[in-house]
Amino acid sequence: MLPVSIVIPTFGRDEVLLSTIQELMNREFPAAEILIMDQTPAHAVAAEQKLASWHESGQIRWLRLPEPSITQAMNRGLQIARCPLVLFLDDDIQVSSELVAAHSAAHTEAADLWATVGQVIQPWQQAAAQAAPRQMSGLYTDFDFPFHSTLDQDVANVMAGNLCVHRERALSIGGFDTNFRGSAFRFETDFARRAIDAGGRIRFLGSAGIRHLRVASGGTRKDGNHLASASPQHGVGDHYYAFLHGGRVEAWLYSIGRVFREVRTRFHLTHPWWIPVKMAGEIRAMWEGYWMARRKKREARGDGVGSRK
């Protein structure tokens, strides 16, 4: 079977990161290498010592990155990985199957695969055989896909916490778009769209499962409370995604719909004074997403970056 490099982007995690790494090293079919893309400024002493010990013994490759960015961390791991398959995992998981073997076998058996995305069970979920209903057209395609399913099937969306990519094919489309910043919302969907547009195929594997612990502190993204924030970072990725991949009318309807949807929440019903603040942030995010997508399309055409006229 094809060898696999595991890449784990991490930020602000100590004990749970060590537990995740230890579990992966103990699997019957281990990865050929484990790369830790570490964006944490400083670990607890015990965690620092353990990571250093594993690195020095060659059990992991531990790289310190200067600032938190999930897309930059994943791209760096993709670039330096030594194996033909690269498996991206969250830093706070429990492995519920022979994960590496399942991903490797799928790629070995189906040479046309560009990526496999494995089952992800959130703390409130149980594994279940679910296939429908699914949105199968437009910008919303597979937004509703049940990633806790047990049924193998082709998909048009992915979760980066259990995503195995064909390294050379992922690099051929530029990896992950670093314009998705902050919470980086929709960067996974954008990657899936670009892979499929390039002729790729993505397969969901119900047999390649993890349990996502969703530890409250830390994480691979630096984020804040989006409900009471005027910052555009929380929504800009979603708007950028829409203007990149949607038709003109579809993209505007999607983005305007999001602006109003984001203030129709239980929180805003009981805290209405935050509605103008949140709406201001969403309008800023829509504007920034529009211009980011416009620049990206110009660059792709080779037109360069023009002025906002």
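## Model and confidence

Because the model is predicted, local features are reported where pLDDT is at least 70 and side-chain atom pairs count only at pLDDT 80 or more, whereas totals for chains, interfaces and linings use all residues. Residues are numbered from 1 along each chain as its sequence is written, and side-chain values use heavy atoms, with hydrogens and water left out.

The predictor's confidence in each residue, pLDDT, runs from 0 to 100; the mean pLDDT of the protein chain is 91, and 94% of the residues reach 70 or more. Over residues 304-309 pLDDT stays under 50, and for this stretch the model has twelve contacts beyond four places in sequence, a contact being heavy atoms within 4.5 Å.

## Helix α7 and its cover

Helices (H or I, at least four residues) and strands (E, at least two) are DSSP runs numbered from the N terminus. Helix α7 spans residues 236-245 and is mostly covered, since ten of its ten residues are buried, where buried means under 20% relative accessible area, exposed over 50% and partly exposed in between, with a 1.4 Å probe and protein chains only. The buried residues of α7 include Val236, Asp238, Tyr240, Phe243 and His245. What covers them includes α6 (187-197), α8 and α10 (275-301).

## Packing of α7 with α8

Two packed helices are described by the angle between their axes and the distance between the axes. Here the axes are lines fitted to C-alpha atoms, for helices over the stretch in contact, and angles run from 0 to 180 degrees between N-to-C directions. The axes of α7 and α8 (residues 248-261) come within 8 Å and cross at roughly 165°. The two helices are therefore roughly antiparallel to each other, on a scale where angles under 35 degrees count as roughly parallel, over 145 as roughly antiparallel, 65 to 115 as roughly perpendicular and the rest as oblique.

The crossing of α7 past α8 is right-handed; a crossing is right-handed if the near helix is turned clockwise from the far one by less than a right angle, and left-handed if anticlockwise. On the α7 side the contact is formed by Asp238, His239, Tyr241, Ala242 and Phe243, which meet Ala251, Trp252, Tyr254, Ser255, Arg258, Val259 and Arg261 of α8. These contact residues divide into seven nonpolar, two polar and three charged, with Ala, Val, Leu, Ile, Met, Phe, Trp, Tyr, Cys and Pro counted as nonpolar, Asp, Glu, Lys and Arg as charged, and the others, Gly among them, as polar.

## Contacts of α10

Helix α10 also packs against α8, with axes that come within 9 Å and cross at roughly 160°, and these two helices are therefore roughly antiparallel to each other. Their crossing is right-handed. Trp252, Ser255, Ile256, Arg258, Val259 and Phe260 of α8 meet Met279, Glu282, Ile283, Met286 and Tyr290 of α10, and by class this contact has eight nonpolar, one polar and two charged residues.

Between α7 and α10 the axes come within 7 Å and cross at roughly 40°, which makes α7 oblique to α10. This crossing is right-handed. From α7 the contact draws on Val236, His239, Tyr240, Phe243 and Leu244, and from α10 on residues including Glu282, Met286, Tyr290, Met292 and Lys297; by class it has nine nonpolar, two polar and four charged residues.

## Loop residues

The loop between α5 (167-172) and α6 holds alanine 184, which has a positive phi of about 55° although it is not a glycine, and which counts as buried at 1% relative accessibility. Arginine 186 is found in the loop between α5 and α6 as well; its phi is positive, about 80°, although it is not a glycine, and at 15% relative accessibility arginine 186 counts as buried.

Serine 137, in the loop between β6 (113-121) and β7 (153-154), is partly exposed with a relative accessible area of 46%. The C-alpha atoms of serine 137 and isoleucine 70 are separated by 28 Å, the two being 67 residues apart along the chain. Proline 66, in the loop between β3 (61-64) and α3 (70-80), is exposed, with a relative accessible area of 83%. From C-alpha to C-alpha, proline 66 and leucine 2 are 32 Å apart in space and 64 residues apart in sequence.
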